[in-house]
Amino acid sequence: MAVPLHQVSTLLPSELRFIAENEKVTVIPQSSMKKMQLVDGSVPSLRANRRVELPLWIALILKSRQKCRMVPPSWLSLELLKSVCEEEKASPQFSTRLPPNWLEISKIYLTRASDDLQDSVTSLHQILQDIRDIRLLKVNQGLEQLNESNFTLTGLSLMEVNEMRPFVLRVMDQLRKLSSTRDEGGLEPEEPVDDDDMDDY
């Protein structure tokens with residue numbers, strides 16, 4: 001069944017960020033802390049310099065209060081991202097070495113925890129943009145295979161899916177309508193008249 005256009009919606013950037021901020025990240029507390037109750041949850045008891053995993057949104061609160069350092073995820077390193085970039089260039093498939101919300105999380109680290117990154121912010125930003133551009137080109141190439149019943153691209157991030165979803169659904173909806181119109185209104189072609197049959201007239 002075709003999806004009505006009024007049901008085609010996307011998530012706002014703020015909603016994608018909200019989803020990303022529920023991911024667990026590793027932090028290193030600057031000092032010991034007792035359990036702290038927050039409106040949307042609680043921070044467990046922390047010990048200075050002992051690594052602990054917390055939801056990203058809690059880590060950002062502690063970071064803003066200078067109570068912790070945020071450990072970058074293993075994939076957010078210049079060496080690994082360069083490797084991913086080369087993989088993206090060499091293969092028509094999308095690399096699966098990055099998490100589904102790599103765009104949102106990398107932006108948060110680059111803007112909110114840049115002092116905790118081991119590599120240059122400028123270099124990280126550039127390689128992330130290169131990966132983004134290469135993957136966008138692959139998405140555009142994949143759209144050429146779009147039809148009314150099937151469209152498959154694996155390994156996309158949440159943001160990439162969110163960006164292309166309205167266009168893909170709208171095009172598939174139109175293709176289904178065209179296909180349905182063709183099937184319902186098409187006439188069966190007449191069989192050719194054999195010359196021998198004309199002799200009877």
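**Labels and their cut-offs**

Analyst: K89 counts as exposed because its relative accessibility is 54%, and exposed means over 50% relative accessible area, buried under 20%, and partly exposed in between (1.4 Å probe, protein chains only). A word on the basis: this is a predicted model, where local features need pLDDT of at least 70, side-chain atom pairs count only at pLDDT 80 or more, and totals for chains, interfaces and linings use all residues. Residues are numbered from 1 along each chain as its sequence is written, and side-chain values use heavy atoms, with hydrogens and water left out.

User: What makes E86 and K89 a salt bridge?

Analyst: Their closest N and O atoms are 3.6 Å apart. A salt bridge needs a side-chain nitrogen of Lys or Arg within 4 Å of a carboxyl oxygen of Asp or Glu, so the pair qualifies. Both residues lie in helix α3 (residues 78–90), three residues apart, about one turn of the helix.

User: Why is E21 called buried?

Analyst: E21 has a relative accessible area of 14%, so it falls under the 20% limit. Its salt-bridge partner is R17, with the closest N and O atoms 2.8 Å apart. At 30%, R17 is partly exposed.

Definitions and conventions. Helices (H or I, at least four residues) and strands (E, at least two) are DSSP runs, numbered from the N terminus.
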